[in-house]
Structure formats: C-alpha cells, structure tokens
Amino acid sequence: MLNAHITDFEHRTGSAEEIDLSSVSREPRRLWETDKIFRCPLMGMCLTVPEQKQLLKKSGITPKGKTLYEIHEILIGSCENQNRLSRKVENLLNKKFLKEAAPLRDLDEKAFMDHWESAFRTGSYEAVLWAAAERQVLSAKNMAHIFGAVHMDMHQTAQNAAQLAKRLSAVEEQLAGVRKLHRDEVKKSKALSKENSDFAQKCAALESKISSVNEEDAFIPEKGQVERAVLLEEENAALLHRLSRLEKELAQKDARLASLEAQSEELQKELSAREEGKEQFKVQARKMINDFMQMNRCDDSCPSFNLCRKRILLVGGITKMEALYRQVVEKNGGIFEYHDGYIKGGVRDLENRLRRADVVLCPVNCNSHGACTMVKNLGKKHKKPVHMLSSSSLSMISQAVQRTAFP
C-alpha cells in the first residue's frame, strides 16, 4: 500500500530531482489535496478524541453511538474532497499548527527534513507532520521516511502501554498487601485498647479496696489494733506490689499501643499515597492504551490493512490481553482465534483449531517446550505456516500480523 502511494506520488509529480523548484508554488496544499499516505496519521495523531467528536457535531454529524474507529474513518473519508467537514478539519489543523508550520514552507527539502528529524527526536512532531502533508514538493523517499517513522512510533507506544499495564498490576498487588497489614494492625490496636481498659478498672478496684481498709482502721478498738495493723500492712504491701507490677505492665501496653498507633498512622499515609499514585497511574495507562488503539486504527489506505480475512490462530500469550490481540488481527482485516497453549487435556482441540487456521503464531516465552514442539509438528502435519515468536507482547504480535499481510 505504501509503495502504491509512492508510485502514484511519483507519477503525478515526478521525482524531486526532476522538478524545477523555482516554478513550484509556495502556497500550501489544501487538506483534500494532500497525499492519502498522510491522512490517517494526521487524523489520528494531530487531533485529540474530544476534538474529533466536536468536529463531527459542528458538521451536523452526531458522534453518539459511533466507535472511535468509525469517527476516524469518517474524518479520513471527508478528506477526499472539499466539504463542510474537511474545511472544518483544515481550519482546526491550521489553528493548532499554522504558527509553527508556516515558516517551514520556505525551506528547501533538505532543510525541511533536518527540521523533521529534530522534531521527531523530541516527540513533538505533529506540526511538522502537518507541514509535510501540505507541502507542495516532497520526494517519494522522504515521504516514505516520514510515514515509516510515524508508523513505528505507534508500535513503540503500544509496547509502552503493555509495560504500564504490567506495572499497574504489580502496584495493585502491593497495595492489597498494605491494606491487609493495616487491617491487622487496627485489630491489634483495638485489642490493646481493651486490655488497657481492663487494667484501669482493676487499678480502680484496688484503690477503692485500700481506701475501704483505711476507713475500717479508724474504727478498730485499741485492743488488738497492733495485730490488725500488722496484717493490714502485709496485705497492703502485697497489694502495692501487685499494683506496681500492673502499673509496669500498663506502661508497657501504653508504649506498645502508642507504637502501633504511630505505625497505623504511617501505614494510612502510605496507603493514601499509593492509592493516589494508583489512580494517576491508571489514568496514564488508560490514556496511552487508548492513544495506541486510536492511532493503530486506519482504513484500507494503511499498509497494515491487508489480511484478506485470513484466520490467525494465536497459541499461548497473555490471557488477559486476548481482547487486544483480537483487535490487532480484526482491525487489520483478519479472523482471530485463540488457544491458551495448555495441552494436558489432550491435543484434539488444538489440532482442530490449527486445521482451520491459515497462519499460526506461537510465542515461545509463554508456552512450554512440549507445547511449542506440538505446534510445530501439527503445522507440518497439516501444512500450515507456523511463526515462532520470541515474545507475546502486543508489539511483537502486531509485527507478525504485518508480516502475514505483506510476506
């Protein structure tokens, strides 16, 4: 598809070396005059999702009920000719990028490409991409270079999204452990508080008893008072000893309770911080995944859209990412089928799925040696192409799907 666009570009304009640049107009191309190769990345990378929906509303098209891919497809379709929607899209692109893109029109092609390389390295190249699309003259080689760089940047974004999802899962596990520890400490703190209360009641009872004994001493007759005083002193000494021991224990419990309360407070702060970080991380992860899915959706002008309804069987991989694998295959025009790679229950189901498939993908990092060998043998038996992949990442699956579309 990319070669077809470039051939058409050269047929219409000739190579850059054949054009008299002095005779070429410096006026920019209109959006509907831009080369088709730029329209998919322009709509997907230079316009945010809210901006895309707002453009449809202003043009009398309701975005309600439409998927992000359907909105993307409508915007690309409007670029075929001048119409209400294409004019509004062009106006918004100029509003966002004209200040940076306009000075680039007077640059020769080498200076322009130097500026592109500098902007691409910084990751802020949307304005230069718009300038490349509206430029009257750009060689087929440089046009292919710009498109290829943007296309591979989309794959890198997908890999980063997968890594963020993995980190998010690890943070959630750590957070669950902190919450359990906090609950356990709260239970211990409540138990110590109850013990404190019980000791306080016992101390109060002892003090009351001592007070009663002292009151009784005031009414004892002088005869036998010495003997009674000796007994009371012994009993009082025993009570004081017990009271001293209980006070010491109570002081230890108080110190332990204070320590646990301090730990509980620290754990609560850490829990709050982790929950806040988790929410921020979720927002970033969702944004990156959504950005990747938006950028990776395109129409039949994109070089990834050519599986021609081939049935792609994926054996193994990360089960939680099955939906993302399915989107990569189906959005490229294929039929997706999945087997988790476990063959303890027999190989009949795997063999039946493999017999129906046109192409088999088998990541070796998520399958046992026995499962990989079984897939290879079944592929030879039924004469099916089997691709052994070093990784089950979304980027690796996407690259394998592209190789299937363009062998």
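Modeller: We may, bearing in mind that this is a predicted model. Cysteine 46 has a relative accessibility of 1%, and because buried means under 20%, cysteine 46 counts as buried.

Biologist: Is cysteine 40 buried or exposed?

Modeller: The relative accessible area of cysteine 40 is 10%, so this residue is buried.

Biologist: How many disulfides does the count give?

Modeller: First, the general idea: a disulfide covalently bonds the sulfur atoms of two cysteines. In this model the count of disulfides is 0.

Biologist: How should I read a helix, and how many residues of helix 2 are buried?

Modeller: An α-helix has 3.6 residues a turn, so residues three or four places apart point the same way. Helix 2 spans residues 36–45 and is mostly covered, with 9 of its 10 residues buried. Among them are Ile37, Phe38, Arg39 and Cys40. Leu42 and Met43 also belong to the buried set of helix 2.

Biologist: Let us turn to strands. Which residues lie on each side of strand 3?

Modeller: In a regular strand, side chains alternate between the two faces of the sheet. In strand 3, Val359, Leu361 and Pro363 are on one side, while Val360 and Cys362 are on the other. Both faces are covered, as these residues are all buried. The count for strand 3, residues 359–363, is accordingly 5 buried residues of 5.

Biologist: Which strands pair with strand 3?

Modeller: Strand 1, residues 311–315, pairs with strand 3 in the parallel sense over 3 bridges. Here leucine 314 stands opposite leucine 361. Strand 4, residues 386–389, also runs parallel to strand 3, and 4 bridges join the two. In that pairing leucine 361 stands opposite histidine 387.

Biologist: Through which helix does the chain cross from strand 3 to strand 4?

Modeller: The chain passes through helix 12, residues 369–382, and this β-α-β crossover is right-handed.

Biologist: Finally, what may be said of the chain as a whole?

Modeller: Its secondary structure comprises 13 helices and 4 strands. The chain has 407 residues, of which 40% count as buried. Of the contacts between residues at least 6 apart in sequence, 78% join residues at least 24 apart.

Methods
Residues numbered from 1 in each chain as written. Predicted model: local features only at pLDDT ≥ 70, side-chain atom pairs only at ≥ 80, totals over all residues. Heavy atoms only, no water. Buried < 20%, exposed > 50% of the residue type's maximum accessible area, 1.4 Å probe, protein only. Pairing = 2+ DSSP bridges. Right-handed = clockwise from strand over helix to strand, strands pointing away. Contact = heavy atoms within 4.5 Å. Disulfide = S-S within 2.5 Å.
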